[in-house]
Amino acid sequence: MVDPKIFAAFIRDAELENIKLVSVDSALGEELGKGKSYNLSLKTKFPFKKNETCVFIFPTYKVFFEDDEGNNSGIFTFKCEFSLHYRVNNIDKYTDDLVKYFADNNAKFNSWSYFRELLSNVTMRMGIGPLVAP
């Protein structure tokens with residue numbers, strides 16, 4: 001469990017310097033099968049690296065259609081990765097567990113709108129209509 005006071009101190013010490021799109025990969029595969037139902041699946045991860053003054057978080061978002069058994073249907077895949085650069089004062093007083101908690105929460109908040117817009121734009125241009133992530 002992360003101590004809320006220490007987490008609040010980390011947030012005060014962290015300043016988002018920039019957000020960059022690192023990669024995007026999308027593909028159309030098979031057409032939708034008639035009479036079959038599909039679910040949209042979203043997988044995320046937020047790995048990070050830190051140095052003496054900064055934390056770099058690499059939000060990765062994967063979207064695909066699953067069949068009834070939870071398998072990737074091969075109809076559509078989308079993957080993108082961003083790089084978020086945070087300058088952090090007093091970084092050496094914060095544990096990797098705290099940085100991971102920050103990455104899983106605040107980095108998601110800071111990158112979500114970029115992912116959402118990119119997904120909608122790419123799917124619209126692919127002719128499958130704009131998928132809108134919540």
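**View 1. A14 in strand 1.** A14 belongs to strand 1 (residues 14-28); helices (H or I, at least four residues) and strands (E, at least two) are DSSP runs, numbered from the N terminus. This is a predicted model, in which local features need pLDDT of at least 70 and side-chain atom pairs count only at pLDDT 80 or more, while totals for chains, interfaces and linings use all residues. Residues are numbered from 1 along each chain as its sequence is written, and side-chain values use heavy atoms, with hydrogens and water left out. With a relative accessible area of 17%, A14 is buried (buried means under 20% relative accessible area, exposed over 50%, and partly exposed in between, with a 1.4 Å probe and protein chains only). Not counting residues up to four places away in sequence, A14 touches R87, V88 and F102, where contact means heavy atoms within 4.5 Å.

**View 2. Helix 1 meets helix 2.** Here we look at helix 1 (residues 4-13) and helix 2 (residues 96-125), whose axes come within 11 Å and cross at roughly 70 degrees. That makes the two helices roughly perpendicular. Axes are lines fitted to C-alpha atoms, for helices over the stretch in contact, and angles run from 0 to 180 degrees between N-to-C directions; under 35 degrees counts as roughly parallel, over 145 as roughly antiparallel, 65 to 115 as roughly perpendicular and the rest as oblique. The crossing is right-handed, meaning that the near helix is turned clockwise from the far one by less than a right angle. I6, F7, F10 and I11 of helix 1 meet L98, V99, Y101, F102 and N106 of helix 2. By class, this contact has 8 nonpolar, 1 polar and no charged residues (Ala, Val, Leu, Ile, Met, Phe, Trp, Tyr, Cys and Pro count as nonpolar, Asp, Glu, Lys and Arg as charged, and the others, Gly among them, as polar).

**View 3. The largest nonpolar core.** Of its 32 residues, F10, I57, F78 and F115 touch the most other members. Two or more residues each come from helix 1, strand 4 (54-57), strand 5 (60-66), strand 6 (72-88) and helix 2. Helix 2 gives the largest share, 9 residues. Such a core is a set of buried Ala, Val, Leu, Ile, Met, Phe, Trp, Tyr and Cys residues joined through side-chain atoms within 4.5 Å. In soluble globular proteins, nonpolar side chains tend to be buried together.

**View 4. I57 and A103.** Leaving out residues up to four places away in sequence, I57 touches F46, P47, F48, F82, S83, L84, Y86, F102, A103 and A107. A103 sits in helix 2 and is buried, at 0% relative accessible area. Beyond four places in sequence, A103 is in contact with F46, I57 and K108.

View 5. S83 is part of strand 6 and counts as buried at 11% relative accessibility. Its contacts, not counting residues up to four places away in sequence, are N18, I19, K20, V22, F56, I57 and F58. T60, in strand 5, is also buried, at 4%. With the sequence neighbours up to four places away left out, T60 touches K43, T44, K45, K79, C80 and E81.

**View 6. N90 in a loop.** Look for N90 in the loop between strand 6 and helix 2. Its phi is near 60 degrees, a positive value in a residue other than glycine. N90 is partly exposed, with a relative accessible area of 45%.
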